[in-house]
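Here's a quick walk through one model. Have a look at the structure first, then read on.

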Amino acid sequence: MARITAGVGVSHVPAIGVAMDSGITDQPYWKPVFDGFKKSREWIKDKKPDVVFLVYNDHCTAFSAAMIPTFALGCAAEFHPADEGWGPRPVPVVKGHQKLASHIAQSVILDEFDLTIMNEMEVDHGLTVPMSIMFDQPEEWPCLVIPLCVNVVQYPAPTGNRCYNLGKAIRRAVESYEEDLNVIIFGTGGMSHQLQYKRAGLINPEWDKEFLDLMTKDPVKASKIPHVEYLREAGSEGIELVMWHVMRGALDEDAVEIHRHYHVPASNTAVGHIILENKT
Ligand code: DHB
Ligand code: FE
């Protein structure tokens, strides 16, 4: 059967993608950011996932203010890179796993989580930057990807608890798929940042580090963090962190921390990263 063996939490700072695409990752500003990802790249090369289930958010690229689904599952054969502002990144087209994605749609919707089914969808830095962080700059991505797009752009985003329980439903779906597949789940976005208005530039390392601790030690407590705490402590865009709970819910509660990286600042954002593996 298919199995979710590990989870990755990682920021999606668009400037990280720009640094890679323009070949300046060895510059003093960027080197410490990328040094912290060396172990992650070795780890995932060794793990050889067949499929990455990638929980991310769209930034008004695939969706406009005209239509904002809370949870949208990518069931297409391909997802082309696109982006607001910066233009599409020069990265490979993302290939989906249509059969597994359809199976997950059926299982999760009949499990009473109402997903939007996306048979066509473009993907922005929210998805491509985490792929570049983990897989560097290959000709083709080394695995198939099933994107799950979560609304964190217009209030109300889903609660952490809802995301955590959706992670559990995704795990049930994957484990009811017959073919042997190694699936790694990514929860992306965050950490603390605010891009707008009076508190623009806010970064809160103490709160971020506590969030990373909770990811490992007490994911249930983490999933109960209310929206207002993200806004107060992690800034308006810190709400992106609710997506990490989907990843965490899909793993065992006692999953083991393999690697962690935290760095401030990168652009306007704290870069946070964690790798967790199920014991069995
Ligand atoms: C930045 C961070 C984001 O999450 C984003 O979507 C856009 C910009 C930034 O730090 O510049
Ligand atoms: Fe963002």
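What follows covers a ligand site and then a helix.

This is a predicted model, in which local features need pLDDT of at least 70, side-chain atom pairs count only at pLDDT 80 or more, and totals for chains, interfaces and linings use all residues. Residues are numbered from 1 along each chain as its sequence is written, ligands are numbered from 1 in the order in which they are written, and side-chain values use heavy atoms, with hydrogens and water left out.

Let's start with ligand 1. Around ligand 1 you'll find His12, Pro14, His59, His125, His193, Leu195, Glu240, Ser267, Asn268 and Thr269, each with a heavy atom within 4 Å of the ligand. By class, that shell has 2 nonpolar, 7 polar and 1 charged residues.

| Side chain | Distance to an oxygen of ligand 1 |
|---|---|
| Glu240 | 3.5 Å |
| Asn268 | 3.0 Å |
| Thr269 | 2.3 Å |

Taken alone, ligand 1 exposes 290 Å², and the protein buries 89% of that (areas by the Shrake-Rupley method with a 1.4 Å probe).

His125 from that shell also belongs to helix α5, residues 125-135 (helices are DSSP runs of H or I, at least four residues). How many of the residues in α5 are buried? The count is 11 of 11, where buried means under 20% relative accessible area with a 1.4 Å probe, protein chains only. At the start of α5, a side-chain oxygen of Asp124 comes within 2.9 Å of the backbone nitrogen of Gly126. Just after α5, Asp136 has a positive phi of about 65 degrees.

How values were computed
Buried < 20%, exposed > 50% of the residue type's maximum accessible area, 1.4 Å probe, protein only. Helix = DSSP H or I, 4+ residues; strand = E, 2+ residues; numbered from the N terminus. Polar contact = N/O pair within 3.5 Å; in protein donor to acceptor, adjacent residues only side chain to side chain. Nonpolar A, V, L, I, M, F, W, Y, C, P; charged D, E, K, R; others polar.
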